[in-house]
Amino acid sequence: MIDFKTKYPVNLWKDHGLYTDDYIKLINSHWLKFMPPNPMSHYVLGLLYTIIMVFGCTGNSLVIFMYFKCKSLQTPANMLIINLAVSDFIMLAKASIFIYNSYYLGPALGKLGCQVCGFLGGLTGTVSIMTLAAISLDRYYVIVCPLKAAVKTTKQRARIWIGLIWIYGFSFSIVPVLDLGYSRYVSEGYLTSCSFDYLSDDDQDKRFILVFFTAAWCIPFTIILYCYVNILMAVWMTTEIVTSRVGQQEEKRKTDIRLGYMVIGALALWFVSWTPYAVVALLGVFDLKEYISPLSSMIPALFCKAASCTDPWFYAITHPRFKKELMKLLTKSKSRKLVRNYGMKKGWVGSHLNKNGSVGFENRLKTEYKEENTTIFTLESDDNSVHCQGSTSGHRTESTKEPETKFTASASQETLKYMLPS
């Protein structure tokens, strides 16, 4: 204990945080074999975490905001993606504990900060991987089994999946907090962050780590790999998506397949980011501690945060709907958007339009700005052409809420020269 106080700025932690002397119990003896890291490395890591946290929280907040703002994004599949964004946001927000500790070169926030950091890290990490597994199942059912209504993801089923995912993650991450004899949250690497005690020599701690690794890594990845292998086989072996489907249904299926590719990319990003950290934990469980240094344990943790930072930007760039809605929000486009088209209404038009009598058509439509447009066309029998006899547009003003109608100049003289077959 005396040697620890001479090596580390303990008084600085006490003056600017929640550190107490009994925190030494939360430090594995393996880390005490190393000299304290250079202060500059603390500051560099703190700066990197700050950049990642700002960009990541901003991106995830934007995705969440767009989901609740845009009704077109509120689909069952996107509910799972939003759940991933929420999990990533929490993971990045708790990085503020690491940043504060890095500024004061150690565990300045003491045991409370360690427990919060470890618990939220375990919870959000588990929720993220299980959410990706749920997304892969949804994509599998949509692309490989599109006609099976019994497995179709509805909003109600998506809510159930999300609830089960959070219960699943909570059941594992709460165990070390309760100190039931199955692992605990302890400092790692630079003593500025906390995680499961994967360096413990206790057999129960090792069994818990292996069970947790199987439940939160092996099982979901087995599901994910099975789903996406079948998705890729179904896509690559088909020269045309579905020849019997046309129009809107075919376009919807194309969108589903693009979303499948998007999630595969997100999965690859997640796998590359979290695999190094999983390897470090397994090295500790299997008593290969000589390969673990403070720096080698901190870099994989940085990769984990980077994955949570890039996920929202990945979705915004590659997802067609997110990209379209994002461009609308950024540009604040005032272009007219067709809300409802009542179609062409056929009827006989009197002599005030044409003294010979004509077949008349009326077309009405609404736009998103409460405008109503009405156009009257007549089919002339002498030259088989369509003439625009009149056009009106109206909207309700904000002050009076009364209809205001405007007539286009010389509308009766406008001819559209759409020639009809004889």
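Which residue forms a salt bridge with Arg184? Asp197 does, with the closest N and O atoms 3.9 Å apart; a salt bridge here is a side-chain nitrogen of Lys or Arg within 4 Å of a carboxyl oxygen of Asp or Glu. The pair links distant parts of the chain, 13 residues apart: Asp197 sits in the loop between strand 2 (193-196) and helix 9, and Arg184 in the loop between helix 8 (175-178) and strand 1 (185-188). Asp197 is buried at a relative accessible area of 5%, while Arg184, at 31%, counts as partly exposed. Buried means under 20% relative accessible area, exposed over 50%, and partly exposed in between (1.4 Å probe, protein chains only).

This is a predicted model, in which local features need pLDDT of at least 70 and side-chain atom pairs count only at pLDDT 80 or more, while totals for chains, interfaces and linings use all residues. Residues are numbered from 1 along each chain as its sequence is written, and side-chain values use heavy atoms, with hydrogens and water left out.

The protein chain holds 12 helices and 8 strands; these are DSSP runs numbered from the N terminus, with helices being H or I of at least four residues and strands E of at least two. Of its 422 residues, 45% count as buried. With contact meaning heavy atoms within 4.5 Å, residues 24 or more positions apart account for 67% of the contacts with a separation of 6 or more.

The salt bridge count comes to 7. Asp201 forms one with Lys289, the closest N and O atoms being 2.7 Å apart. These two residues are 88 apart in the chain, Asp201 in the loop between strand 2 and helix 9, and Lys289 in the loop between helix 10 (247-285) and helix 11. Asp201 is exposed, with a relative accessible area of 55%, whereas Lys289 counts as buried at 16%. A network of salt bridges links Lys5, Lys14 and Asp21.

Lys305, in helix 11 (residues 294-318), is a contrasting case. Lys305 is buried yet has no salt bridge, and the nearest side chain of opposite charge, Glu188, is 6.9 Å away; in this scheme Lys and Arg count as positive and Asp and Glu as negative, with His and the chain ends not counted. Neighbours within four places in sequence aside, Lys305 is in contact with Tyr49, Ile52, Met91, Leu92 and Lys94.

Helix 7 (residues 155-173) has 19 residues, which at 1.5 Å a residue should span 27 Å, and its end C-alpha atoms are 27 Å apart, in agreement. The expected span is 1.5 Å times one less than the number of residues. Buried in helix 7 are Ala158, Ile162, Ile165, Gly169, Phe172 and Ser173. Seen down the helix axis, these buried residues fall within an arc of 105°, so they line one face of helix 7; the arc is that of the directions from the axis to the C-beta atoms. The face turned away from the buried side carries the exposed residues Leu164 and Ile167.

Ile224 lies in helix 9 (residues 203-236) and is buried, with a relative accessible area of 1%. The C-alpha atoms of Ile224 and Leu137 are separated by 7.4 Å, although the residues are 87 apart along the chain. Apart from neighbours within four places in sequence, Ile224 is in contact with Ile129, Leu132, Ala133, Ser136 and Leu267.
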